[in-house]
Amino acid sequence: MSTRRILITGGGTGIGKAIAHRFLAETPELVLVGRRAEPLESAAEELRGKAPGARIATRTCDLTVPEQVEELAGQLRTGAPIDVIVANAGGNYGLGAKTLAETAQAWRADFDGNVLSAVLITQALRDHMPRPGGRIIAMSSIAALRGSGAYGAAKAAVNAWVLSLAGELAPEGITVNAVAPGFVPETDFWQGRIAADPGIIADRTAPIPMKRPGTAVEVAEAVAYLAAPDAGWTTGQILQVNGGTLFGRG
């Protein structure tokens with residue numbers, strides 16, 4: 001029998017898939033959302049093989065398009081409440097911009113892909129979450145905290161949204177937090193860049209005090225804590241997972 005109903009955007013690959021694997025321990029009902037059907041179905045089959053009792057559904061959706069998000073939310077609202085939303089979808093879409101037109105396109109693409117992809121689905125489903133007990137976790141980045149062009153600015157906007165929404169929903173018993181990973185080379189976010197320049201791994205690892213990259217599993221563990229039923233007094237936080245690359249500030 002399933003326990004909680006958990007929605008994971010960008011759930012077909014990388015950190016999203018690792019988060020889905022982590023939640024299997026509670027035999028959940030998982031809803032994996034992404035733009036591409038093939039990786040979603042592949043991930044779902046992999047997850048079903050690990051936990052035959054879990055219920056795993058996939059939904060394709062461009063989370064930056066309001067009409068598509070509304071249609072998806074309408075489908076999901078016919079079922080049980082969504083206990084956990086993990087707004088993990090995102091990416092760095094603005095690399096290589098040179099002209100003003102390219103720069104404008106890059107910044108809009110990063111905002112759409114990282115901010116709207118989290119905001120729209122959460123806005124559409126927030127009223128279908130349990131009160132108290134709902135959990136919202138957004139995927140940020142170390143780039144939001146130390147700067148990195150359009151991508152860093154977009155992730156900083158995610159952080160600001162998380163802090164605002166946390167204050168809004170706290171009286172209703174819903175927590176809202178973000179996880180900000182550092183260098184996790186196994187993800188699709190990095191694989192293309194590493195293939196083009198293998199030296200990136202050494203360059204990015206050198207300044208990490210723990211002298212190694214992170215893993216998707218370690219990021220998933222941070223998400224699992226923030227999503228836990230017993231984590232109801234942790235809200236409005238940006239949880240860094242970066243091996244000490246950037247220390248927290250109190």
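**View 1. Surroundings of L7 in the predicted model.** Leaving aside neighbours within four places in sequence, L7 is in contact (heavy atoms within 4.5 Å) with V31, V33, L76, I82, V84, I85, V86, I121 and L125. Residues are numbered from 1 along each chain as its sequence is written. The model is predicted, with local features needing pLDDT of at least 70, side-chain atom pairs counting only at pLDDT 80 or more and totals for chains, interfaces and linings using all residues, while side-chain values use heavy atoms, without hydrogens and water.

**View 2. The largest nonpolar core.** A nonpolar core is a set of buried (under 20% relative accessible area, 1.4 Å probe, protein chains only) Ala, Val, Leu, Ile, Met, Phe, Trp, Tyr and Cys residues joined through side-chain atoms within 4.5 Å. The largest has 31 residues, and L7, L63 and L125 have the most contacts inside it. At least two residues each come from β2 (29-34), α3 (66-76), β4 (84-87), α4 (100-125), β5 (135-139), α6 (149-169) and β6 (175-181); helices (H or I, at least four residues) and strands (E, at least two) are DSSP runs numbered from the N terminus. With seven residues, α6 gives the most to this core.

**View 3. Helices α1 and α9.** The axes (lines fitted to C-alpha atoms over the stretch in contact, with angles from 0 to 180 degrees between N-to-C directions) of α1 (residues 14-23) and α9 (residues 216-227) come within 8 Å and cross at roughly 55°. In α1, G14, I15, A18, I19, R22 and F23 meet A216, V217, V219, A220, E221, V223, A224 and A227 of α9.

Terms used
Buried means under 20% relative accessible area, exposed over 50%, partly exposed in between (1.4 Å probe, protein chains only).
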